Amino acid sequence: MIREGFWPAAFGENISTTGLNEENLCIGDILLLGTAVVQISQGRQPCWKLGLHTGRKEMPYQFQKTGRTGWYYRVLEPGEVGAGDRITLAERPNPNWSVLAVTRARLTRRILPEDAKVLSQMEELAEGWRQAFSRMADGNAKEDTSARLGDTG
């Protein structure tokens, strides 16, 4: 069922699901998607293009505040994926690190140094995010987000 005002891929997503979200998926989760095997590598970071698309320049920042930004998959084994294919959790190496918790920490830069250190060493996490958490672990939480969010962040 499509809600009024929304349509498939309305926010740039390539895969839409029912029942899977940032709260019940974790960084590093390995999923069987059709005949492909994929792994969650990081959350999404809304950017200025979302504001351009919606006609509201504050939209990326507002969207980021919800924590419901989505995530990226790393393809471990290519395969065929089609509408209606099942998505099955095959492995969960980091059960304490939901996509929501990690994305919020990354986007707000509010995280304990010891947790940032753990994330900076998490192999399953995308390299750019590991580097950002390494800086946070060293006490450097500053980041210029103006290029990504525009001048509203």
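Q: Is Tyr73 buried, partly exposed or exposed, and what is its relative accessible area?
A: Tyr73 is partly exposed, at a relative accessible area of 21%. Buried means under 20% relative accessible area, exposed over 50%, and partly exposed in between, with a 1.4 Å probe and protein chains only. This is a predicted model, in which local features need pLDDT of at least 70, side-chain atom pairs count only at pLDDT 80 or more, and totals for chains, interfaces and linings use all residues. Residues are numbered from 1 along each chain as its sequence is written, and side-chain values use heavy atoms, with hydrogens and water left out.

Q: And Trp71, buried or exposed?
A: Trp71 is buried, with a relative accessible area of 15%.

Q: How many aromatic pairs are there?
A: The count is one aromatic pair. The ring centres of Trp71 and Tyr73 are 6.4 Å apart and the planes stand at 90°, so the pair is edge-to-face. Rings of Phe, Tyr and Trp (its six-membered ring) pair if their centres lie within 6.5 Å; planes under 30 degrees apart count as stacked, over 60 as edge-to-face and the rest as tilted.

Q: Switching to the sheet: what is the strand order?
A: Four strands form an open sheet in the order β3-β2-β1-β4, with antiparallel pairing. The edge strands, β3 (71–77) and β4, each pair on one side only. Two strands pair if DSSP finds at least two bridges between them; strands (E, at least two residues) and helices (H or I, at least four) are DSSP runs numbered from the N terminus.

Q: How many bridges join β1 and β2?
A: Strands β1 (residues 30–33) and β2 (residues 36–43) pair over four bridges, in the antiparallel sense. Leu33 has Ala36 in β2 as its bridge partner.

Q: Now the largest nonpolar core: which residues touch the most other members?
A: Among its 19 residues, these are Ile27, Ile40, Val102, Leu119, Leu125 and Phe133. Such a core is a set of buried Ala, Val, Leu, Ile, Met, Phe, Trp, Tyr and Cys residues joined through side-chain atoms within 4.5 Å.

Q: Which element gives the largest share of this core?
A: That is α5, with four residues.

Q: What is Val102 in contact with?
A: Leaving aside neighbours within four places in sequence, Val102 is in contact with Ile27, Trp97, Leu119, Leu125, Trp129 and Phe133. Contact means heavy atoms within 4.5 Å.

Q: Where is Asn94 found?
A: Asn94 is in the loop between β4 (87–91) and α3 (99–108), and is buried, with a relative accessible area of 12%.
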